[in-house]
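Hello,

Here is the structure I promised to send over.

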Amino acid sequence: MKASRPARWPLLLLAASGWLALLSTGQAAGSAPRVAVTVLFLLVCPGAAVLALARPLLGPRDHSGDAMESVALTVTVSVALGMLVTAGYYMTGAFTMPRAVMTLAGITTVAALGALVMPGRRRQGERP
């Protein structure tokens, strides 16, 4: 039996989400679509992509609090990545919003596409 992998289309949408957010930074500052797309991307997408890549490494779980755990981890990892990228650009004196979003879009794309090609772990008791 093959090891299960995550569905393809959500990961492909996740990989493209950062580039949509980067396109939205070209709109007028403070416009509703720009703010909505950028905030949604910054709070959800980098963390979701990194967690999709890391989930097979975490091993078997009981899934009792899976939904709330996933939401909390997704937001936390997204905010942490955003802070690291922003701090790095501020320390070098090179911070701009499009630059930070482009870096996070790259991280998100690499992680989401990595989750597509990374083989899933076998379930306990499953034969090779």
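Before anything else: this is a predicted model.

Y90 is exposed, with a relative accessible area of 54%. F95 is partly exposed, at a relative accessible area of 27%. These two residues form an aromatic pair, with 4.6 Å from centre to centre and 15° between the planes. The pair counts as stacked because the angle between its planes is 15°, and planes under 30 degrees apart fall in that class.

Now the overall layout. The protein chain has four helices and zero strands, and its elements run α-α-α-α from the N terminus on. Of its 128 residues, 30% count as buried. The chain exposes about 8,200 Å², and carbon and sulfur atoms supply 70% of that area. Among contacts with a separation of 6 or more, 74% are between residues 24 or more positions apart.

Helix α1 has 17 residues and reaches 25 Å from its first C-alpha to its last, close to the 24 Å expected at 1.5 Å a residue. Even so, there is a kink of about 30° in α1, centred on A16. The buried residues of α1 include L11, L14, A15 and S17, and also G18, A21 and S24.

Helix α3 has 27 residues, and its reach of 39 Å from first to last C-alpha is close to the 39 Å expected at 1.5 Å a residue. Buried in α3 are T74, V77, S78, L81, G82, V85 and Y89. After α3 comes G93, which has a positive phi, near 75°.

Which elements give two or more residues to the largest nonpolar core? That core has 21 residues, and those with the most contacts inside it are L11, L14, F41, A49, V85, L104 and A112. The elements in question are α1 (8-24), α2 (32-58), α3 (66-92) and α4 (97-117). The largest share, eight residues, comes from α4. As background, nonpolar side chains in soluble globular proteins tend to be buried together.

Leaving aside neighbours within four places in sequence, A112 is in contact with L11, L14, A15 and A49. L11 has its place in helix α1. Is L11 buried or exposed? L11 counts as buried because its relative accessibility is 5%, and the limit for that class is under 20%. L11 also sits 7.6 Å from A115, C-alpha to C-alpha, although the two are 104 residues apart in sequence.

Finally, a look past the last helix. M118 lies in the segment after α4. At 23% relative accessibility, M118 counts as partly exposed. M118 and L53 are 65 residues apart in sequence, and their C-alpha atoms are 7.6 Å apart in space.

Those are my notes; I hope you enjoy looking through the model.

Best wishes

Notes:
Residues numbered from 1 in each chain as written. Predicted model: local features only at pLDDT ≥ 70, side-chain atom pairs only at ≥ 80, totals over all residues. Heavy atoms only, no water. Phe/Tyr/Trp six-rings, centres within 6.5 Å; stacked < 30°, edge-to-face > 60°. Buried < 20%, exposed > 50% of the residue type's maximum accessible area, 1.4 Å probe, protein only. Core = buried A, V, L, I, M, F, W, Y, C linked by side-chain atoms within 4.5 Å. Contact = heavy atoms within 4.5 Å. Expected span 1.5 Å × (residues − 1). Bend = angle between axes of the 7 residues up to and from the residue. Areas by Shrake-Rupley, 256 points an atom, 1.4 Å probe, with all protein chains shown as cover.
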